[in-house]
Amino acid sequence: MKERKRAARILKAVTEATLSFAPDKGLGAMAALSVQALAKSAAVAPNNASTELNLLHRAGILLKVSGRPAHYLSLAHLETLLGRAIPSTSLTLRDFLLFLGPDTPGPPHVSDSFSMTAGSDSSRTLRKEGIKPSEQRSAPRFRLHVLSAFDTLIGTKHSLAPLIKQAKAAMLYPPAGLHTLITGTTGTGKSQFARCMYDFALKSGVRPRHAAFVTLNCANYADNPQLLLSQLFGYVRGAYTGAERDQPGLVERAHEGILFLDEIHRLSPEGQEKLFLLMDQGVFSRLGEAKSPRAARVLIIGATTENPLESMLATFLRRIPMHIVLPPLEERSFEERVTLILRFLWQESRSVNRPVGLSADVMQALCFYNCSANIGQLASDIKLTCANAWYDCLYENGESMRIGLEHLAERVRQGLLISTRRRASLLDNLLSGGEMHVDGRQEFSAVLAELLRTA
């Protein structure tokens, strides 16, 4: 308990120092971010402060600026302050000052002018080639380092990092991005990942602010291929019985934006061929339309749980150069599963406006039960568990919502049968005292600090 309070004080000190950080002052603003200064602010011995800061850094919560002395900043708060994502959790002092911008005061050897995001490959190339600052301003207007929905995903700097890099590359590739196929078993987060791609495209500037994100679940129309095509491409009056007026389709709504087709393998061969024409030549026709084809600039993101080589036309697949495979929950790290559980408990705590308390046995069951439908099922099972506990909370008029084994579904309780040796090494520190509390009234980063003692 003493160590947890110490970690919380250190995290609070780093957060306050980061919020007070003035990037334009460069080295002059770094003093309050050193180990010594943070230790003094948190009333913690310097050696203990150094230990806690390194644990926070290893957990991906803090940015470490190496040097003598080392400095630490809250990643989330610094990214909000700067309005863009930090490219790494570890930077040298030189790279950090370059990243802050061209006017940041620093040592003479760090004061080169950068018109693009400092530290990026493109900016280094421009500097090497001796292009003048005025000429650098004509570089592409999109921003590589921008805070987006990707940064809210669990595992964004770990298991999902290479997949997010692929997704960003697909959005940024000139002239209009790459059509993308996202595959993965049910519940791996394909729809959420697609929305993150859209959010990044808007915030990086490669898509106009008015660009729409239009979705269609092809499985909803799998038994009626013509109805699916009419939803996708629209129709003209008289195209079929009941078509009493011209109707635009989703392709037209998605012009200059992104069309997300979930369960895209349920699209008929005819539909795939029509979509192939749109992707290849940028033209399409409404159903029943005989005049010249219409034009639309649409980026396609498809998602499927099936093997695309077995369920989709080869000619269609060749027009989708980017393929992203999301891992199932069982292939994610144990730390990420624990973090997901905390995130979902935190969300439920916010919904009921009460802290959530759970025992070590409940946490073990959630950590180890067979969650075959992945993250989607985990979220659903936690919501159902909290609903059961909420009833008892109301009945007892409790100030917190306590979750016991009786609130878990039987298949979730099966997680208790898994070997406890792993629990001993990874969960005991998290569950000091035999139970854990998650308070939705706190910032999620503060809740995550509870994980640090398991590092």
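Which residues have the most contacts inside the largest nonpolar core? Select I341, L345, L358, L366, L378, I382 and I403, which hold that place in a core of 34 residues. (A nonpolar core is a set of buried Ala, Val, Leu, Ile, Met, Phe, Trp, Tyr and Cys residues joined through side-chain atoms within 4.5 Å; buried means under 20% relative accessible area, exposed over 50%, partly exposed in between, with a 1.4 Å probe and protein chains only.)

Before going on: this is a predicted model, where local features need pLDDT of at least 70, side-chain atom pairs count only at pLDDT 80 or more, and totals for chains, interfaces and linings use all residues. Residues are numbered from 1 along each chain as its sequence is written, and side-chain values use heavy atoms, leaving out hydrogens and water.

Now colour helix 15 (334-352), which gives this core its largest share, 9 residues. (Helices, H or I of at least four residues, and strands, E of at least two, are DSSP runs numbered from the N terminus.) Zoom in on I341: it touches M363, L366, C367, L378 and I382, not counting residues up to four places away in sequence. (Contact means heavy atoms within 4.5 Å.)

Stay in helix 15 and pick S349. It is buried, at a relative accessible area of 1%.

Last stop: show helix 2 (residues 35-42) with helix 3 (residues 46-58). Here V35, Q36, L38 and A39 of helix 2 meet P46, A49, S50 and L53 of helix 3.

Note on methods:
Axes are lines fitted to C-alpha atoms, for helices over the stretch in contact, and angles run from 0 to 180 degrees between N-to-C directions.
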